[in-house]
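Subject: Handover of a structure

Dear colleague,

Please find below the structure that I am handing over to you. My notes on what was found in it follow directly after.

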Amino acid sequence: MRRWFWLVAILLHWRAPLAAQDIDSNPMVQKRSVSTIADQISDGSERAAFLELFRQAAPADMLVRAETFLSRFPRSAFLAQAYEVAARASFDLQKYESGLDYARKSFALLPEDPLLLVPVADVEARQGLNQAAIEHAEEALEDLDAFAAPSSVREDEWPEVKRRLKASADFSQGRAFLQQALGLPLGKKRVQLLNASETSLDRAQHLNSADLEITYLLGLAQLAAGETSRAASAFAAVYGSGSEMASKAQENLRAIYKLLHPRSDLPFDAFVQQIRARRTSAVPKSSEDQAHSSPPVHNESAYFGSESCRGCHADIYKQWLQSGMSKMFRPYAPENVLGDFKNNNQFYLGAEEEYRGGQVDISRGTKRTLFARMVIRNDHHHFDILQSDGKWHDYPVDYTIGSKFQQAYATKLPNGEIHVFPIQYNLLQKQWVNFWKTIDGPGSERADPSNWEKLDSSTSYQAICAVCHTSQLKNVKGAGFDVNHLEFKEPGIGCEMCHGPSADHVLEIMANGYEPKPPGTPPVSFHAIDNRKFVAICAQCHMQSAIRAPGPAGELNYSTTGDFFGSSLREPFGEFSRKGFYKDGRFRQTTFMVEALERSRCFQKAPLSCGTCHDPHAHDSASNPTSLKFRDEPDRMCTGCHTQLQDSVRAAQHSHHPASSEGSRCVSCHMPRIMEALLFRAGYHQIDDIPNAEMTKRFGQDESPNACLLCHAKKDADWVQQQLSAWKPAAVSQE
C-alpha cells in the first residue's frame, strides 16, 4: 500500500509553475507571486522541457521526461525539481532503489522538500532503511510546520494535504522505530525504541484515524511492548473493518485471547465484542480539555523604548548606539550622511552595471542619460531626479538607512509616505549604484529607476523596508504592509526588538529591585535561552523566507501574544528567484543567513547560535563591522567545541596546510566567502560546508564556488578532487 499515492494526484494538477519571490524584499500574505520560475529560464527549449515535467501523464512517461531533462540540461538551475519528478515516478513504478537515488540527488540541491521527504521516508521504512526513514520523516515534520503551502497545492486544499502528509511521516517514523526495536534483545534500548514508535504512531492515528494500517501497526508496537489490552483494542478495530489486514488482526487477536483467557469459557467473539465496547467508550481527551497555560500577552504599553535601558545598562547602551542596529534607519542629520554628494555625485541610466566576483564594473554605455544628481543645497542633502516630464524634481533627504557597507536614503512626502530612492551609495566601492538591479529577478519594478516617479509600493519604505529597519512596526488599521497607516515605535533596531518588551522589568526595578525570572521572560537574557530561540530572535530580520502576516492589531514585526518575536511561516525555497541560490543548491545571498545556518549540523545537533561568533554589543563596531567576537583569532569560534583542533599540530593535520597559514583557518574551508552581501562577499553560514569537487565540475566555479579554488585560482575542480581524495585516509575526525 503506497501511503503517499494520493499526494501524486494532487501535485499533478499544477495551476501554474512555481512562484518566484524576489530577494531582499518582503514575502507577505498579500503578495506571494512576483514572476514564475519558468520565466527565469532564458533557453526556450529548457523552459518547454521544464513545463513538460509537470504535465500529468503515466509514471513511465513522467520518468522518461525527467530523465530526458536531466540528460539534456545537466547544468540547469532546476535539477532538484527534475530529480523529484524522477523519484516519484520511480516509486510509482516500484523502482525503489533508483527512486531513492534520484531523491538523494534532489535533496543535495534542495533539502527542505517535505513533499518528497514524506514518500522517501515511507519507501525507506518499507525497505528496512530504518535510520534514514526516521531522519527523513523528522525533517518532513519540521518542514511541514515551518513552511507555508507550496504554490503547487491550492490554499484551500493545503490543510488537508498537510494533515495527511504529517500522518504519513509519523507512520513511517513509527514503523522504522518498531523495526529497529524488534531487531534488538530485551533491554533499555528496545524499550526506548518501542516508546518512540508508539508516540509516532499515536500522532499518526490522531491525524488520520481512518487509516487502519496505522491502527494495525500501533497494535503491533503495543503488543511488542507488552501492552496486550491496548494492542487488542487496536486489532479489534482492524478486524471488524473487513479490510485486507483483517485476517492478520484476527491472528493477533486470537493470540492475545489465548494469552489472557487460556482456560476461559468466554467465546472469542464475545471477547472481541468486549474489547470493541471498551474502545468505543474510551473518549480521548481533546486538546481543549488538557491543561495548558495561556500565552503571555504584551500590549503596546509594554514597550518603553531603548532609552529606558540607558540608566542601568549605560555601557551596553553606548555600544548599541554605535552599532549598525541603531543606525538601520535614522532621521536626517548631516553628519550621518556617508554618500558622496559633492564630487562623484551623478547617476546615469543606460550605464552598464555588472556585479561579479565581489566587484562592481560600471561602463559608460553608448546611450546613457543623466538620471539623478545628489547635491547639497542650503546645507541639506537632496536628490535631483530627471523625470518623464523632462523636468528636474527636487527631493530632500529626510532619512538615512544603513551605515556600514552601503547607505540608502529616503524622502518623506507631504502625505506622510516615506519612499526610498532607487540609487544607493556603496561605501566599499565608493560608487552610486542601482543595487536592486544586481539582486532582483527579471521584470522587477524597483530595479528600473525610471519607475521612481510612480511613488508606489515598490519604493515604499513602510511596505518594503520597515519590517527589518524599525522597531515595533504596526498597521494602525489592523491590515498588512500598506503604503499608508504604518507606524513604528522606534527607528532602527532597538533593544526591545531583541530582548522583548521592557516595561514590566523597568517598573519592577524602580519599585522593588531586580527579581530573577524564568529563561525567555522579557527582557530576554541570551545566556539563558537555547540556540533555537536565540536564532529565532535574530531571524526576525535575518531570515529572507519569513512570510509577514499581520497580528490581530496589525503588528507586523513583533507579537503581542506568546513569544514577542513571533513565529512566521516560511516561503518554500523553491519559490524564490534563482538569483538567491547557486545552481548547487547553496544560498547565494546574505538575506538567507539564518536559513543557511539552520542547515548546519552545528546548529541541528549542537548549541551553535549567532552569539557563538557575533557580539551585537561589540565595543569596536567602527573597526569590526560584522561584530565578530574573535576577529583576530577566528578559529576560536570553532575550537570552543572542536577542542581537539586547539592543538596546532592536529589542526595542521586536519587542514593539510601550515597551522599559521590562511588555508588552516576553519572559515577558509568551511565558511568560504561566497555569499553576496552589499556588493561584497561574506562567509557562507552553513558552518559545516565542505568543498565539493563534483558539484564544481558539474556547474563550474561561478555556480558552485569551491573554497579551495578561491585561493588556488589557477587550479581546477579535477585538481581539487585529486587533493581531497589523497587526504581522506589521514583526515582528523571533527566529532
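Glu112 and Arg599 form a salt bridge, with 2.7 Å between the closest N and O atoms; the term stands for a side-chain nitrogen of Lys or Arg within 4 Å of a carboxyl oxygen of Asp or Glu. The pair links distant parts of the chain, 487 residues apart. Glu112 lies in the loop between helix H5 (96–109) and helix H6 (114–126), while Arg599 lies in the loop between helix H20 (593–598) and helix H21 (601–604). Helices (DSSP runs of H or I, at least four residues) and strands (DSSP runs of E, at least two) are numbered from the N terminus. Glu112 has a relative accessible area of 16% and is therefore buried, and Arg599 is buried as well, at 12%. Here buried means under 20% relative accessible area, exposed over 50%, and partly exposed in between, with a 1.4 Å probe and protein chains only.

Please note that this is a predicted model, in which local features need pLDDT of at least 70 and side-chain atom pairs count only at pLDDT 80 or more, whereas totals for chains, interfaces and linings use all residues. Residues are numbered from 1 along each chain as its sequence is written, and side-chain values use heavy atoms, with hydrogens and water left out.

Further salt bridges

By the rule given above, the count comes to 34 salt bridges. One of them joins the side chains of Glu52 and Arg65, at 3.7 Å from N to O. This pair also links distant parts of the chain, with Glu52 in helix H2 and Arg65 in helix H3, 13 residues apart. Glu52 is partly exposed, because its relative accessibility is 28%, whereas Arg65 counts as buried at 15%.

Another salt bridge is found between the side chains of Arg681 and Glu676, at 3.1 Å from N to O. Arg681 is partly exposed, with 24% relative accessibility, and Glu676 is buried, with a relative accessible area of 7%.

Surface patches

Which residues form a negative surface patch? They are Glu135, Glu138, Glu139 and Glu142. Glu138 belongs to helix H7 (residues 130–146) and is partly exposed, at a relative accessible area of 34%. A nonpolar patch on the surface is made up of Phe304, Leu507 and Met510, which together have about 330 Å² of accessible area. Met510 sits in helix H18 (residues 503–512) and counts as exposed, at 65% relative accessibility.

Patches are built from residues with over 30% relative accessible area and no salt bridge; like charges are joined within 9 Å, and nonpolar side chains (Val, Leu, Ile, Met, Phe, Trp, Tyr) within 5 Å. Asp and Glu count as negative and Lys and Arg as positive, while His and the chain ends are not counted. A charge is placed at NZ of Lys, CZ of Arg, CG of Asp or CD of Glu. Accessible areas come from the Shrake-Rupley method with a 1.4 Å probe, and for residues only the protein chains shown count as cover.

Helix H23 and the residue after it

Asp647 caps the N-terminal end of helix H23 (residues 648–655), with a side-chain oxygen 3.1 Å from the backbone nitrogen of Val649. Helix H23 is followed by His656, which has a positive phi of about 60 degrees although it is not a glycine. His656 lies in the loop between H23 and helix H24 (666–670) and is partly exposed, at 28% relative accessible area.

Other local features

Asn378 is likewise not a glycine, yet has a positive phi of about 55 degrees. Its place is the loop between strand E7 (369–377) and strand E8 (380–386), and Asn378 is exposed, with a relative accessible area of 74%.

Pro522 and Pro523 are joined by a cis peptide bond, with omega about -5 degrees. Pro523 lies in the loop between H18 and helix H19 (531–542).

Finally, Phe171 belongs to helix H8 (residues 158–182). Is Phe171 buried or exposed? Phe171 is buried, because its relative accessible area is 1%. Phe171 and Ala121 are 50 residues apart in sequence and 9.4 Å apart in space, C-alpha to C-alpha.

With kind regards

How values were computed:
A polar contact is a pair of N or O atoms within 3.5 Å; within protein, one must be able to donate a hydrogen and the other to accept it, and residues adjacent in sequence count only if both atoms are side-chain atoms.
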